[in-house]
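Subject: Structure handover and findings

Hello,

Here is the structure for you to look over. My notes follow below it.

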Amino acid sequence: MTAFIGRRLVSMVFTMVLVSIVGFIIINLPPGTYLDVYRAQLMVQGTSTADQQIQALEKRYALDKPVYYQYVKWISGFVRGDFGRSFQYNREVKELVWNRMGFTVVVSIASLLFSWLIALPIGIYSATHKYSFGDNIFTFFSFIGLSVPSFLVALVLMVVSSRVFGASVGGLFSRAYQDAPWSWAKFVDFLQHLWIPVIVVGMSGTAGLVRMMRGNLLDILNMQYVQTARAKGLSENIVIYKHAVRNALHPLVMSLGMSLPGIISGSTVVSIVLSLPTTGPLYFNALRSQDMFLAGTFLVFMAVMLVVGNFLADIALAVVDPRIRYE
Amino acid sequence: MTDITMQIETPTETPEIPVDQERGSLTQGQLIWRRFLKNRLAVAGGIVILLFYVIMVVFPGFFGTYNYNTQREDAIYAPPQLPQWRDEEGKFHLRPFVYGLETELDFASFEWVHIVDKSKKYPVYFITRGEEYRLFGLFRTNIHLFGVEPPGTFFLFGTDDLGRDLFSRVLQGGQISLTVGLVGVILTIILGSVLGTISGYYGGVMDNIIQRIVELMMSFPDIPLWAALAAALPPEWSPAKTFFAISVILSLRNWTGLARQVRAKVLAYREEDYAVAAQAMGASDRRIILIHMLPNAASHIIVIATLSIPGMILAETSLSFLGLGIQPPIVSWGVLLQQAQQVSVVLERPWLLLPGFFVVLAVLSFNFLGDGIRDAADPYSN
Amino acid sequence: MAVEQKELAVGQELVRIEDLHTQFFTEQGIVKAVDGVTFSIEQGKTLGVVGESGCGKSITAMSIMRLLPEPRGRIVKGKITFFPPQQNNINQTSVDITALDRHSSQMRGIRGRHIAMIFQEPMTSLNPVYTVGDQIIEAIQLHQQVDRDTARARAIEVLEQVDIPDPERRISEYPHQMSGGQRQRAMIAMALSCYPSLLIADEPTTALDVTIQAKILRNMRDLQQEYGMSIMLITHDLGVIGRMADEVLVMYVGKKVEQAEVRNIFHNPLHPYTQGLMKSIPLIGLKDKKLVPITGSVPSPFNLPTGCYFAPRCPQAMDRCRREAPPETEPEPGHFVSCWLYK
Amino acid sequence: MTNTDASVKDTRQVLLDVKGLKKYFPIRSGFFQKTTGYVKAVDGVDLFIREGETLGLVGESGCGKTTTGRAILRLYELTDGTVHFRSESGEMIDLSGLSKDEMKAIRREMQIIFQDPFSSLNPRMSIERLIAEPLVVHEIGDRASRHKRVVELLEAVGMSGQVAARYPHEFSGGQRQRIGIARALALNPRLIICDEPVSALDVSVQAQVLNIMKDLQEQMSLTYMFIAHDLSVVEHISDRIGVMYLGRIVELTHSEQLYQNPRHPYTEALLSAIPYADPDMVQEEILLEGNVPDPANAPPGCHFHPRCLYAKPICSKEIPQLVPTKDNPEHFVACHRAEELELIPVQPPERLLKQVGG
């Protein structure tokens, strides 16, 4: 087990290095350097110290040096928590990132839990009642869930709620608590707002999970050891829940890491419609205005979240599956 | 050419075995087709897809009522006009008609207000001449499936902020959105099957490199990655170029899933005795891959491809919705939905959400179709 | 713990199968997997069921266990009666298995407790996520009112009986840590853990190597003596039958074609199919003897010939064979055959 | 005890001569896929096959018999050893040194038949294309002559030429195995490696296929290497038999010799384990201790010594060489105690002899 974790750790670090390289390339993708953008901005503002600032930045990012040197400089800063400067907000990126990353993680994890809690029972029901009326209904709805873009759901939800309840459902806090320090009341307010993005983001993931759980369980129910369990005289419930479901979970846990990109993507898009204080809106703004340090940092952070999520999923899999544990 | 000498005599003792005439004399393809036809949802999905491609991708100008780009100052945010068969006196008209639309400026809000004028009736004509468009982007023509005589207007889905006919725009947008999916998936298939085959068949260093790339690509959340790449496209590129680049960007991450699956299949086929037999008779790697592996993986590839088109359509829609995908004046469903970003706008003009309905319908149909093909192609399903 | 005392009444009927018809309803049509089969299994005896793939021998076993994939495959006609052996001089009443609900507690009480089953594929018969011990203990606690420690002790005892070395340690191993032969032993241990009166073994050694097979068969025979149970041994291997069985049932395309005491089957086979099987197996030391195969192949279940199903391949087929299915006769006491040659 | 017929020196020419054949598969582990060990699937096999004879190769699963067969055909790169094959011109060519193109020319003369009749035929190809494929690969004949050849071959294996347009899934296991044989014969090979060709077949069909193979061997003067785990089948079809254990041949001799006068303790155990189709035969199985060890971690010395009833200290130290016995130059054994042990032969069941023979 320790060897297994060790191996996965090494591979995780390796992937992170590659991720950072891709992130760096993307930062450098737009034509011209970001300094050109910044210089133009400073010109407009008519700052007198423009040239000095530009030179300082050139030095900070080693722009006069070869590309690999720039990368090393950037990544070493990244590791120390220096993510560069946002030109749009004219602030250090790290000041902008942490808060929003936190909310992104909260929304993502809550969505994940939501989709698992909903999907597993439905998937089990569908598999054990194959082609029944209930199964067909669930199947139909899970297809709908797979087919509706999440931003559309968010949009419709907002329209409906403002039509029916006459209230706006955007954001994660009511206006009163927006800038207030954390308190119990604020937390309750937060929970009251959280459920909408969680449902919206979790929905498409739920549909996929239902399909997967149903398929896995149907496969497992054909396995010889399920017959063995029945031949022992176990009741059908024990056969299904103790012997079959436990095995059907493995591919699901394995896919846990794979469902994360969808969750993060979903939350990114949805948060724009619902104007949540997560990474999404900031990230897309940064992309649109080519504020590349900010965008690159976010992208690498999201990828790192994924890589860590995958790592945790692998460990979870080793915990539930002895075949991997004893490898 | 060498010739083969006959060394076999007619066997003396081996009795001839009659082959059962009934032991399924259908080819595998026929079996798959039969099973597919039994799945009603999949067939329905297939029909919808076919209709969508004919109407929107091939003949959007003909099926649309107007040129999708014509702006009308007098018809900004006009509500949908539905064809009527029964007038207010309850009289039935065989030929449907639409009521006239009066437009006034509301001086209180300085917004255009549209009022249905029931005194004017404009009959709907079929195969009629109207605004000019280009068929297949080449021939100028002005024949539309249906329309009304001016000064009457027929905005089936209403109009947008510049008074453009939303119905025509939805069809035109479908052309882009559906094509992005198709082009993207073709690139996905090429990249995925070539790299997957190399990875699985040759193994070793190439396999290692390709697998690392796949892992790397899978470490990025798709939409943010696509958005970053799309944002990096030079703004001075022509819309057509941007459109193609978006397709490439979409397939750039999408091939990884297919490559993994193809690799797994190739690894499995490599162990199959028929591949070993081909090797033993001296067949080249090329022949083994092309004759023995890819045809067997084909149904698998088609299923994965079909199931990945909806993802592409959704991705394009989301990107364009956020302003990072297809750029106006080219329209796609996502571009059309940009207008619906503000809840306040949608509240007043709910028809702006109609393109979303088409997105859902297209994606749903693709999902049904793909699922149906998968079930039909899987020999182990009941 | 007290080993239950079972009075052995060798020769007494344990399970009686009467005119069993089990059918599968598939897209292509109905498959008559078991087509009117009658036989009984006697206490303490081994009944060998032999036949080629698709002859319905496994489906017969699944019908007795009521483990068919209902409703796709189900018993459409016939009766399976189970006569629980005398326990502590108390006569128990017989149970009609076909009348029970397959999920009922009564049926579950028979499964595993009175009739246990082991399968062909030792690699996939055990649940990969539980230890071998857990899976045996589960069976023991299900059918016997004992605490976990007692159940564990019993599990170790039974693992030892099936020749698994170091059972105290191996009880906490997962199936993938064992070899194929050991897994099959663990399966047998699980089956024996509740002192069943009947063990159904479906090709128990087919997937194993000869030396392992020899050991497992020997082990099964010894344990049969010790437990006084009956075995229904399903196999296509006449060698295994010759070594293990007391009574043999030969099946062909869902029908029973011959049944007799084992010596009679080998030395005086009556049905042309049984004779054909005997002539087509190679035997060591009879190298120069040319094999006489049965011509043709097993008919497709969707396209069965009229009359006797074996007629198209039968060297002695007569006109009547192609028209009418032969009834079962008893040309010599205890030797049943379904063939027009003996009418 | 010695069989006089078998000990007479066989004068037929050697067609295939394998010396010191080794095939190790690397075990890779860790992030960088470093090779941390080897599965020694074939660990020094010596054997030869004479023209027109059948050499049986028998052993339990994982003993390396299939790998040996495939390594001879150069379907794997050899780790070590030589494989000499007598070409039509009569010279012995070392296959292990041939390039891909040179090997392709030789492949016309050696073919393979597989165990699984369901996996050995590409389900998407018609019978015609399947059987003609070797001809296409070697660019022999045109469409018409290939078709003629396919019909001839189908008839040779007892099937009608009319089935050529059908697909594999329309046939039963036995029929598919015949198609596989027809394909192997297409190029008129001289050597056919038969990798468990009847193990997956039902008893009655198994005999059909065995008979066809025997007939074809006579008609076309084929040479077979027949790999199987069923000793009775191997004994039935083979002139000589090699017994493999954990990557090595432990005994190799004429088939009558093998069951009448086994000289290796493993052969003795194997023979005693065969279940006889005779309820009256009182059989004393020699039950081996333990399991076949992992070929990645084989015991030192004689691989069999931990399970051997007769093991001496030397057995765990020195690898016994495969050498002829004193009284029979055609009887090879790899056992330190081959000359001193009195092993139990198989006694053919008298009653069965009478019954089947009479």
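**Chain A overview**

In chain A, 71% of the contacts with a separation of 6 or more are between residues 24 or more positions apart; a contact means heavy atoms within 4.5 Å. This is a predicted model: local features need pLDDT of at least 70, side-chain atom pairs count only at pLDDT 80 or more, and totals for chains, interfaces and linings use all residues. Residues are numbered from 1 along each chain as its sequence is written, chains are lettered from A and ligands numbered from 1 in the order in which they are written, and side-chain values use heavy atoms, with hydrogens and water left out.

Chain A holds 13 helices and two strands. Helices (H or I, at least four residues) and strands (E, at least two) are DSSP runs, numbered from the N terminus. The C-alpha trace of chain A spans about 85 × 55 × 40 Å along its principal axes. Of the 327 residues in chain A, 53% are buried. Buried means under 20% relative accessible area, exposed over 50%, and partly exposed in between (1.4 Å probe, protein chains only).

**Chain D against chain C**

The size of an interface is often given as the accessible area lost when the parts come together. Between chain D and chain C, the buried area is about 4,300 Å². That term is the accessible area (1.4 Å probe) that two parts lose on being put together, summed over both. Carbon and sulfur atoms give 57% of the area between chain D and chain C. V203(D), P275(D) and P279(D) supply 14% of the area that chain D buries against chain C, more than any other three residues.

The contact takes 54 residues from chain D and 42 residues from chain C. How many salt bridges are there between chain D and chain C? The count is zero. A salt bridge here is a side-chain nitrogen of Lys or Arg within 4 Å of a carboxyl oxygen of Asp or Glu. Nine residue pairs are in polar contact between chain D and chain C, both residues at pLDDT 80 or more. A polar contact is a pair of N or O atoms within 3.5 Å; within protein, one must be able to donate a hydrogen and the other to accept it, and residues adjacent in sequence count only if both atoms are side-chain atoms.

On the chain D side, the elements giving two or more residues are helix 7 (203–220), helix 8 (231–237), helix 9 (255–260), helix 10 (265–273) and helix 11 (350–357) of chain D. Helix 7 of chain D gives the largest share, ten residues. The residues on this side of chain D divide into 24 nonpolar, 16 polar and 14 charged. Ala, Val, Leu, Ile, Met, Phe, Trp, Tyr, Cys and Pro count as nonpolar, Asp, Glu, Lys and Arg as charged, and the others, Gly among them, as polar.

**Strand 10 of chain C**

Five of the seven residues of strand 10 (residues 255–261) of chain C are buried, so this strand is largely enclosed by the rest of the structure. Strand 10 of chain C runs antiparallel to strand 9 (residues 247–252) of chain C, joined by six bridges. Two strands pair if DSSP finds at least two bridges between them. In the hairpin of strands 9 and 10 of chain C, two residues lie between the strands, and V253(C) takes a positive phi near 45°.

Strand 10 of chain C also pairs with strand 12 (residues 335–338) of chain C, antiparallel, over two bridges. Q259(C) stands opposite L249(C) and opposite F336(C) in strand 12 of chain C.

**Salt bridges**

Over all chains the count comes to 47 salt bridges.

- R16(C) and E13(C): the closest N and O atoms are 2.9 Å apart. R16(C) is partly exposed at 29% relative accessible area, and E13(C) is partly exposed at 25%.
- R263(C) and E261(C): 3.4 Å, N to O. R263(C) is partly exposed at 37%, and E261(C) is partly exposed at 32%.
- K65(D) and E196(D): the closest N and O atoms are 3.6 Å apart. K65(D) is in helix 2 (residues 65–72) of chain D, and E196(D) is in the loop between strand 7 (191–195) and helix 7 of chain D, 131 residues apart. K65(D) and E196(D) are both buried.
- D166(C), R169(C), R170(C) and E173(C): a network of salt bridges links them.

**Helix 8 of chain B**

Seven of the eight residues of helix 8 (residues 273–280) of chain B are buried, so this helix is largely enclosed by the rest of the structure. Just after helix 8 of chain B, G282(B) takes a positive phi of about 95°.

Best wishes
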